[in-house]
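Dear colleague,

Please find below the structure that I am handing over to you. My findings follow it, arranged by region.

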Amino acid sequence: MSNYLVVGLGRFGRSVAKTLYKNGKTVLALDRDEELVQQAIEYQIVDEAIILDVTDEKSLKKIVNDNFDTAIVCIGSDMQSSILVTLLLKEIGVEKIICKAANRIQGKVLEKVGATQVVYPEETMAEKIAMKVLHPDITEHFKFSEEYGMFEFEVPKQFIGKNLVELNLRKKYDMNVVGIRNSVEESIMNPNPSTIIEKGSILFAVSRIDKMDLFYKLFENKK
């Protein structure tokens, strides 16, 4: 079983730790704030939480050793500490280090010192809010890269009664439908091309982001 180290128990760190723990993963959380650590233990957010100054090299190495496959550094607001912890984890030999960053400059520095992946929570949330304002029918949007994303949206009325072959979404919009949830909450993953689209259905699709923008421009005026 993989072991996960979560460094920092702020709002983002708690959410990451709790999600991993709820999905059956072994998680150790570290934070210098005694109150945050006590809350994590009291509310059973993680298996174990320890009060620790994570910038203290000796203490961190003693705790981490070679027991963790993945570390998530969630202290993006303190750039100096984030960079130092990432460097130390790299030296210890943690294979995968995922770091939260407040901005792109910090992200580039973190990559230079050993981060294998950098995430930008505030930027991602801002994009989701903007996408929701622009396209109210989108119920969820997850960006894989600068070009591609996964979209969850209610089908336009023009789709009702047609199947995926007739709609030909892959050719028209570079859109691959990977799932359908109909009005009775029945989900179909990897739907058959002959599946008929029902009124009120939700589509799960992977597409180029610019193609999705075109898709909504074409259909938003036809409601």
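This is a predicted model: local features need pLDDT of at least 70, side-chain atom pairs count only at pLDDT 80 or more; totals for chains, interfaces and linings use all residues.

The residues concerned, in helix 5 (residues 104-113), are Gln 106, Gly 107 and Leu 110. Because they cover an arc of only 100° around the axis, they lie on the same side of helix 5. On the face turned away from that buried side, helix 5 carries the exposed residues Ile 105, Lys 108 and Lys 112.

Both ends of helix 5 deserve a remark. At its start, a side-chain oxygen of Asn 103 comes to within 3.2 Å of the backbone nitrogen of Ile 105. After helix 5 comes Gly 114, with a positive phi near 135°. Arg 104, for its part, lies over the face of Tyr 120, and the distance from the ring centre is 4.0 Å. As to pairs of aromatic rings, the structure holds zero.

**Two residues of helix 4**

Which residues does Ser 82 touch, not counting residues up to four places away in sequence? They are Val 73, Ile 75, Lys 100, Gln 106 and Leu 110. Ser 82 has its place in helix 4, and it counts as buried because its relative accessibility is 0%, where the cut-off is under 20%.

**Asn 3 in strand 1**

Asn 3 belongs to strand 1 (residues 3-7). Is Asn 3 buried, partly exposed or exposed? Its relative accessible area is 24%, so Asn 3 is partly exposed. Although Asn 3 and Phe 68 are 65 residues apart along the chain, their C-alpha atoms are separated by 5.0 Å. Neighbours within four places in sequence aside, Asn 3 is in contact with Thr 26, Asn 67, Phe 68, Asp 69 and Thr 70. With one of these, Asn 67, the side chain of Asn 3 makes an approach to the backbone oxygen, at 3.0 Å.

**The chain as a whole, and confidence**

The chain comprises nine helices and eleven strands. It has 223 residues, of which 40% count as buried. Of the contacts between residues at least 6 apart in sequence, 55% join residues at least 24 apart.

The average pLDDT of the chain is 84, and 85% of the residues score at least 70. Where in the chain is confidence lowest, and where is it highest? The lowest mean, 53, belongs to strand 7 (residues 138-143). The highest, 96, belongs to strand 3 (residues 48-51).

With kind regards

Notes. Residues are numbered from 1 along each chain as its sequence is written. Side-chain values use heavy atoms; hydrogens and water are left out. Rings of Phe, Tyr and Trp (its six-membered ring) pair if their centres lie within 6.5 Å; planes under 30 degrees apart count as stacked, over 60 as edge-to-face and the rest as tilted. A charge sits over a ring if NZ of Lys or CZ of Arg is within 6 Å of the ring centre and within 35 degrees of the ring normal. pLDDT is the predictor's confidence in each residue, from 0 to 100. Helices (H or I, at least four residues) and strands (E, at least two) are DSSP runs, numbered from the N terminus. Buried means under 20% relative accessible area, exposed over 50%, partly exposed in between (1.4 Å probe, protein chains only). The arc is that of the directions from the helix axis to the C-beta atoms. A polar contact is a pair of N or O atoms within 3.5 Å; within protein, one must be able to donate a hydrogen and the other to accept it, and residues adjacent in sequence count only if both atoms are side-chain atoms. Contact means heavy atoms within 4.5 Å.
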